[in-house]
Every structure is written in C-alpha cells, then in structure tokens.
Amino acid sequence: MLQLQFTKDTLPDSVINDFQNLNKFNEQQFTSLTEILFNFLLEPKEADRFLHQLSEFAGENGMSAGPLRNLMKSLLLLPHGSLKKNLTEDQVKEDLLTLGVSEDKADHFSQQWSLHYPVLSRLAVGQTLMVNQLVDMEWKFGVTVGTSELQKVGNTFLQLKLVIRKGNSTENVYMELTLPQFYNFLHEMERAKASMDCFS
Amino acid sequence: MAAISDEHFSSLQILLKAPSKDAVRQLCADSFPSGAPESWRLAESTAGTLSVSAIEAKELIAALHTLSHHILFHNLTAPEQILVLFPKSFHPSLKNLITKIMLEHSPPWRNEALSNQISLPHLVEMDWRVDMKTASDSVSRMAVPTCLVHMKVEDSSCLRGSGALSSVTVELSKETLDTMLDGLGRIRDQLSVVAGK
C-alpha cells in the first residue's frame, strides 16, 4: 500500500503502471508531455486542444494515441489531488518518487508544479461556490425635472442595475438611491473593503 | 389636473360656515390627499361640521383639493401669488385665511409629493458582512475573504404603506468589490463636479 499525499484512495495497478511508464520517455519527450499537461491544467476548457496535442505527440514519437491518453488521465490525478490538498513542491516530488518515477523526472515535474501553482490555485478558488454572485453593475444618475404634482423639481437620483448570477442564468435587480443613501452605500462598501483588506 | 374655476371659488365660500379657523385648517389638510375628492366619508363628516348637504361638501373638498394642488404644482410661495387667484368678490378674511393655511402646509405637502413620486424600487436598507472561506470541494484549505451584501428594496408603485419589500443578497469577491468601489468613486467625483458648478 503506497503512502501518498495527494490522495487517500488506493490507486489501481494500471494507474501505478502508467506512472512508472513515464520513465520510458527521454528527457525531451517528458518535458513536452509536462508542458502539454500544464497547458491543459491552466486552461481546463481547452480539452480539444489537449487531445489534439496528445495525438500530435503520439504521431511524432511513434506511439499509439489511445494508451498515451490513458497515461495522461492517470497523470492528471496527481496535480488535481495536490491542488486540493495544497501540496508543496517537495511533497509532489516525494509522491512521484513513491510512485516509482525517476529522480530527474520527479524533479522537473515538481518544479513545473511550483512554477504554475499560484495560477492553478487561483483557478481552483475561482471554481469555489459563490451564491448570487455579482456579475455586473450599471449605474446612471440624473436630475428629476418635474412631476405631475410638482412642475419644477431639482432632485438628484442615482439608479443602479445589478446583474446577479443565479445558477446558470442572470437576474437583473434595479433600484434607486437618493444622494444621502448613495453616500452611505459608498461608505459601507469602503468599510467592507477595509475589512477584506485586513485579511489579505 | 383640473384647473381652478369660478365654481370652485363659490364652493370655497361655504367655509364661511365653519365653526372655527382650526376647522378650516383641518379641512384643508384632509382634502389634500389624492383620494380625498372621491371619499364619501370625508364629504359626510364635512357636511356635518359645516351643516351643509353632502353634495355641497363634496364640491368644497374638490375645490380645496384643486386649489392646493395648483399651488403646489406651480410652487406658489408668496401670498400675493395665491391671493391673485381668487376672484375680486371673494370674502377678504376667508381669502387671507385660506392663503395662510395653504402656505403653511406647502413644505410638508411638497415633501410628501416628492416622496410619493414614481421611481424605480427604493433602497430601504443595506447590510454587509465579510466572511472567510476556509475550505471547498475544489480546495481543501484556503483563506479567501468574500463579502456578502444584503439589500432591501421597496417597490413604491404598490399602494403606499403596503410596498412590496423584496430582498436580495449578493456575494462579491475582492476583485468585484474593488471594481464596484471604482465605479462608485467615479459617481462621487461626477457628483462633486456637478455640485461645484
């Protein structure tokens, strides 16, 4: 039973074999594969590009695309788990060595990991649940010139439109504020920001 | 809005039957709200106070309502501006009394008209809270601050007093809050430019 830090589950033998097969690649091939992998991690929506790059690699290096894809699937388990557990460069390297990957490959991979870690963790945080996320705010302010009751008025008003993400769709919320309310709102938001700044 | 006519002024002369100046004052105040001219209850109680028929009372209320709204609409603030509206044959002391009462009530009436005007839902209340996200399914340990803002808005297009109070809670990340404050700051700058002119 392997003691791994990036996952508590027992890895199937096929996955462990895939990791050990990494040793069959030479330095240049391993560097390219690592690059393709991290490109995908940094832009998870580009699945087609990822598969395309893998097919190209397979073609250039005289191997079949299918087993290569399975290998990469196994390999992806490591960065996903490490991101979840906030593993350091050394911990990632340790896990790779435990899995039987050679020292210099483990070194290279964990270095790439620490290089890309800030962006990757930001992406993971960005995927964290947000309730009624504010997506956009539009505003306009103007002066009321007259009404049906008062021929001449000169009141300033501020209108806000907030666009809120509710699940997959967005909802618009409209509201109007008087000037004193606006200044109060601004003041409260500045206090909230100051409070947030304390924590970062 | 109906224009003031001679019939209105002849109805106003019924006020000479009022028991006291305070009764006149009360009547002016009661006839201002928008539902007053249609209210039979008000007409009947007025008829009782002045010992006139209900029809005459109703006409009186309509006349007071039209006069007060005319004064408010054109923002007549000087006594001369109001006195000039009355026909020459109108009872002088009653004319002065009505003018005085109308001027007294103009500021609160104006404020009431301003607060009742149509608008988008008004912000009634606003609260905020800053939370710290410590874990999620995608990252098991993190320290990300987030801001929750809760706003209560009242839709004033509903009947006064029963405005539908709806509530919205919005979550903002630090970046969103910064961008929002940016926008709000620009509004403030524009407001001070306008105010400075």
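Predicted model: local features only at pLDDT ≥ 70, side-chain atom pairs only at ≥ 80, totals over all residues.
View 1. (A salt bridge here is a side-chain nitrogen of Lys or Arg within 4 Å of a carboxyl oxygen of Asp or Glu.) Both Lys193(A) and Asp197(A) belong to helix H7 (residues 179-199) of chain A, where they sit four residues apart, about one turn of the helix. (Helices, H or I of at least four residues, and strands, E of at least two, are DSSP runs numbered from the N terminus.) Over all chains, a search of the whole structure turns up 16 salt bridges.

**View 2. Lys193(A) again, now with a partner in chain B.** The side chain of Lys193(A) also meets that of Asp178(B) in a salt bridge, at 2.8 Å from N to O. Across the interface of chain B and chain A, the rule finds three salt bridges.

**View 3. The whole interface of chain B and chain A.** Chain B puts 51 residues into the contact and chain A puts in 53 (contact means heavy atoms within 4.5 Å). About 5,100 Å² is buried between the two chains, with carbon and sulfur atoms giving 69% of that. (Buried area is the accessible area, taken with a 1.4 Å probe, that two parts lose on being put together, summed over both.)

**View 4. Helices H2 and H3 of chain A, packed together.** Helix H2 (residues 27-42) of chain A and helix H3 (residues 47-60) of chain A pack at an angle of about 170 degrees, with axes 9 Å apart. (Axes are lines fitted to C-alpha atoms, for helices over the stretch in contact, and angles run from 0 to 180 degrees between N-to-C directions.) That angle makes H2(A) roughly antiparallel to H3(A), a label used for angles over 145 degrees. Among the residues making the contact are Leu33(A) and Phe40(A) of H2(A), along with Phe50(A) and Phe57(A) of H3(A).

**Notes for all views.** Residues are numbered from 1 along each chain as its sequence is written, and chains are lettered from A and ligands numbered from 1 in the order in which they are written. Local features need pLDDT of at least 70, side-chain atom pairs count only at pLDDT 80 or more, and totals for chains, interfaces and linings use all residues, while side-chain values use heavy atoms, leaving out hydrogens and water.

Definitions and conventions: Parallel < 35°, antiparallel > 145°, perpendicular 65-115°, else oblique.
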